[in-house]
Amino acid sequence: MILRNILKGMIKDKLRNAKTAAPDDKPRAAIIFGAGATPGIGAAIAQRVALGGLHVFVTGRNLEKVQSTADAINRNGGHATAIQVDATDADQISAAFKQLDDAGFVVDLVIHNVGTNRHAKFLDITADKLERSWRADCLSGFLIGQQAIERMQPNGRGTLLFTGASASLRGKAGFALFATAKAGLRSLAQSMAREYGPKGIHVAHIIVDGMVDGDRLQNFIPQVLDKLGKDGSLNPEAIAETYWHVYQQHRTTWTHELEVRPFKENW
């Protein structure tokens, strides 16, 4: 029994060190695109990642929101940096990664948490609207993915997580815009996982299905949350725990795709 416990401890230490050791002793960091405000999926992931010991770079189009998230992390003893980034702008994405590089970090975790879920009748969709939706939800994943892979590949490790939705799997009536972009992002993630998984880079796609009890609903349509009732909407902190779990997975048990939804959700 004593020997068994010693061996278990050695295995746990080995798995833990596999995630924390860095090439050339450089500290590891995470960067989250679409961090947003608190409460929300991106902000909750940033807080969980910081709690896990990584310096986290939080990015978004609204600097005030991501700065607020970074400030909250720093006040609670974590380490975070806020950067204003439009996830459809290749130059801004590149500059954000360069800021991480210049600060002396090795990027170990990249989160793409960008989504523009909008209801629109099919005949009301213009080519311009379709392209803008695709650029926001799919092209952004391509641009961020390339920057991430370029940095992770020389180290032979790293994790890249994409936030999906039920629209990633099926196109519902009135959601052609969102489904077109999200389905493309899902296929992109699959291709990247198959190409770079054998090279030590973990690419995963997490489908968030349902209403999220976050900043948007709380501030703009709180009646929806009231109608859903207790635990009828997704808790951002619980979602963040799922992302952290996937990041922590040993490479002999990697998950590529999983779904999270409230127990009440009709799916």
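Biologist: Which residue just after α2 takes a positive phi?

Modeller: Gly-53 does, at about 105°. Keep in mind that this is a predicted model.

Biologist: What makes you say that helix α2 is largely enclosed by the rest of the structure?

Modeller: Count its buried residues. Helix α2 spans residues 41-51, and nine of those eleven are buried, so the rest of the structure largely encloses the helix.

Biologist: Which residues of α2 are buried?

Modeller: Ile-41, Gly-42, Ala-43, Ala-44, Ile-45 and Ala-46 are buried, and so are Arg-48, Val-49 and Ala-50.

Biologist: What covers the buried residues of α2?

Modeller: The cover includes strands β1 (28-33), β2 (55-60), β4 (106-112) and β6 (201-208). Helices α3 (63-75) and α9 are also part of it.

Biologist: How many cavities of 30 Å³ or more does a search of the whole structure find?

Modeller: One. The space in this largest cavity is about 30 Å³.

Biologist: Which residues line the largest cavity?

Modeller: Ile-45, Arg-48, Val-49, Leu-109, Ile-111, Leu-161, Ala-240, Tyr-243, Trp-244 and Tyr-247. Of these, Ile-45, Arg-48 and Val-49 are also among the buried residues of α2.

Biologist: Which element gives the most to the lining of the largest cavity?

Modeller: Helix α9, with four residues. At least two residues of the lining come from each of α2, β4 and α9.

Biologist: Where is Gln-249 found?

Modeller: In the loop between α9 (236-248) and β7 (257-260).

Biologist: Why is Gln-249 called buried?

Modeller: Its relative accessible area is 10%. The cut-off is under 20%, so the residue qualifies.

Biologist: What does the side chain of Gln-249 make a polar contact with?

Modeller: The side chain of Thr-255, at 2.9 Å. The limit for a polar contact is 3.5 Å, so this pair passes.

Biologist: Why is the pair of Arg-157 and Asp-108 called a salt bridge?

Modeller: Their closest N and O atoms are 3.0 Å apart. The cut-off is 4 Å, so the pair counts as a salt bridge. The partners are distant in the chain, 49 residues apart: Arg-157 is in the loop between α5 (127-152) and β5 (158-165), and Asp-108 is in strand β4. Both Arg-157 and Asp-108 are buried. They also belong to a network of salt bridges with Arg-28. The whole structure holds nine salt bridges.

Biologist: What makes Glu-257 and Arg-186 a salt bridge?

Modeller: The closest N and O atoms are 2.7 Å apart, and the limit is 4 Å. Glu-257 lies in strand β7 and Arg-186 in helix α6 (residues 176-196), so the pair ties together parts 71 residues apart in sequence.

Biologist: Why does Glu-257 count as partly exposed?

Modeller: Its relative accessibility is 27%.

Biologist: What does Asp-209 form a salt bridge with?

Modeller: Arg-261, the closest N and O atoms being 2.9 Å apart. This pair also links distant parts of the chain, 52 residues apart: Asp-209 in the loop between β6 and α7 (215-220), Arg-261 in the segment after β7. Asp-209 is buried, at 4% relative accessible area. Arg-261 is partly exposed, at 22%.

Biologist: Why does Ser-166 count as buried?

Modeller: Its relative accessibility is 18%. That is under 20%, so Ser-166 counts as buried. Ser-166 is in the loop between β5 and α6. It touches Ile-207, Val-208 and Asp-209, leaving aside residues up to four places away in sequence.

Biologist: How many residues of the chain lie between the positions of Ser-166 and Trp-267, and what separates their C-alpha atoms?

Modeller: The two are 101 residues apart along the chain, and 8.7 Å separates their C-alpha atoms.

Terms used:
Residues are numbered from 1 along each chain as its sequence is written. This is a predicted model: local features need pLDDT of at least 70, side-chain atom pairs count only at pLDDT 80 or more; totals for chains, interfaces and linings use all residues. Side-chain values use heavy atoms; hydrogens and water are left out. Buried means under 20% relative accessible area, exposed over 50%, partly exposed in between (1.4 Å probe, protein chains only). A polar contact is a pair of N or O atoms within 3.5 Å; within protein, one must be able to donate a hydrogen and the other to accept it, and residues adjacent in sequence count only if both atoms are side-chain atoms. Contact means heavy atoms within 4.5 Å. On a 1 Å grid over the protein atoms alone, a cavity is a set of points where a 1.4 Å probe fits but cannot get out, and a pocket is an open set with protein on both sides within 12 Å along at least five of seven lines; lining residues have an atom within 4 Å of a point. Grid points are joined across faces, edges and corners, and a volume is the space filled by probe spheres set on the points. A salt bridge is a side-chain nitrogen of Lys or Arg within 4 Å of a carboxyl oxygen of Asp or Glu.
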